[in-house]
Structure formats: structure tokens, C-alpha cells
Amino acid sequence: MNKRQPEIYVSTDIEADGPIPGPHSMLSIGSAAYLPDKTLIATYSANLKTLIGAKSDPNTMRWWSQFPEAWNACRREPRSPEEVMPEYVAWVQSLPGKPIFVGWPASWDFMWVYWYITRFTGQRPFSEFALDIRSYAMGMRKSEFCKTGKHYLPKRWFDELPHTHVALDDALVQGALFCNMLTENTTGID
């Protein structure tokens, strides 16, 4: 008998010094692994050294200048991507179920994580799948995408957690938000 693995929702946030991986660098990664009932089962966080030959994007660095505490946090004790990404893949693979990447926006965070994982490990623990929280909200709310920004969403979906632009903090915020939405969507509460 083949028993299906439970889904583990791996809410992930990254911080970077530019708009795309390769020419620019991922500075920090934070992931929070949740069961569907919002039980937090594990977290992962690391700061990364910049890529050899990569350069910071001036526009991105202007954005960072607004958040000096978050900038300092993501530059504390950085390690090489060659060390961090195999460790991260091992962490994902150790989760007790099928890992599902979750992000806000998934198109941003997954692009970076997928590029770094395949570049530095050759593996794909999430396959090519990423669940976008805002798109999920669009489906739940039966609304246009432009009306699914966080200020449009019901307050009951948000836990009182700080959005700090520190990768793990933001991954925890997003994971709790997604689990609250998932519970409401699957139990029929409206």
C-alpha cells in the first residue's frame, strides 16, 4: 500500500542586492516549514556571501538604504553559497512530508531559490512548483489580481507577526498567512 506523504508548506523569503540571480546575489534565505494546520515544524535561515563577479544594483541598494537594520541582519556572518545551498537542500529533504514551496510573490523568491539550488547542488527538491500566496488569495476572493494586495485581504488572515525584511521573519509571517487562508478555504468559513 502506497501512503501519500503529507504536504509541508515551506514558506520562503529571500533578500537580494538586485533584480535577478547571477548578475546579482541572494543575500539571505529564510524558510519556515508548516503543516496545513499551521504547526511550525522547522525553520532554516542563512546569510550568503555575494557571488564572485556579481554587482549590487543601484536601485535595489537605494531601497535597502531605507532598512538599515534589515541590511545589517542579512550581512551578519555570511557563508558561501557552496556551503549554504547543499545544507538547505538537506534541510528541505529532511522534512517529514512533501515540500511545497510557498512565497509572496513566489515568482520572485522561487526564481532565486531555484537558481541557487540548481547552480550549487544540481538538485530540485521542489521540482518546478511554487505556490503563490497572492494568486491563492485571488482564487479565494474571486477577484482581480490587482485587488489582492495585503491591504485588500481580511484582517483575520493575518497573525500579529512583524514584517521586518529579515528573511526568516518574513517567511514566518507569510507562512502563517497562507495557513490561515488554507484553513478557511478548506473548512468553508467565509
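**View 1. Five strands make up an open sheet.** The strand order is β3-β2-β1-β4-β5, and the pairing is mixed. Strands here are DSSP runs (E, at least two residues), numbered from the N terminus, and two of them pair if DSSP finds at least two bridges between them. β3 (40-47) and β5 (130-132) sit at the edges with a single partner strand each, so one side of each has no neighbour in the sheet. This is a predicted model: local features need pLDDT of at least 70, side-chain atom pairs count only at pLDDT 80 or more, and totals for chains, interfaces and linings use all residues. Residues are numbered from 1 along each chain as its sequence is written, and side-chain values use heavy atoms, with hydrogens and water left out.

**View 2. Here β1 pairs with β4.** Strand β1 (residues 7-16) and strand β4 (residues 98-103) run in the parallel sense, paired over five bridges. Look for I8: its bridge partner in β4 is P99.

**View 3. R79, E83 and E87 join up in a network of salt bridges.** A salt bridge means a side-chain nitrogen of Lys or Arg within 4 Å of a carboxyl oxygen of Asp or Glu. R79 meets E83 at 2.9 Å, N to O, and R79 also meets E87 at 2.7 Å. E83 is partly exposed at 41% relative accessibility; the term covers what lies between buried (under 20% relative accessible area) and exposed (over 50%), using a 1.4 Å probe and protein chains only.

View 4. E128 is partly exposed at 43%, and R124 is partly exposed at 46%.

Key: Helix = DSSP H or I, 4+ residues; strand = E, 2+ residues; numbered from the N terminus.
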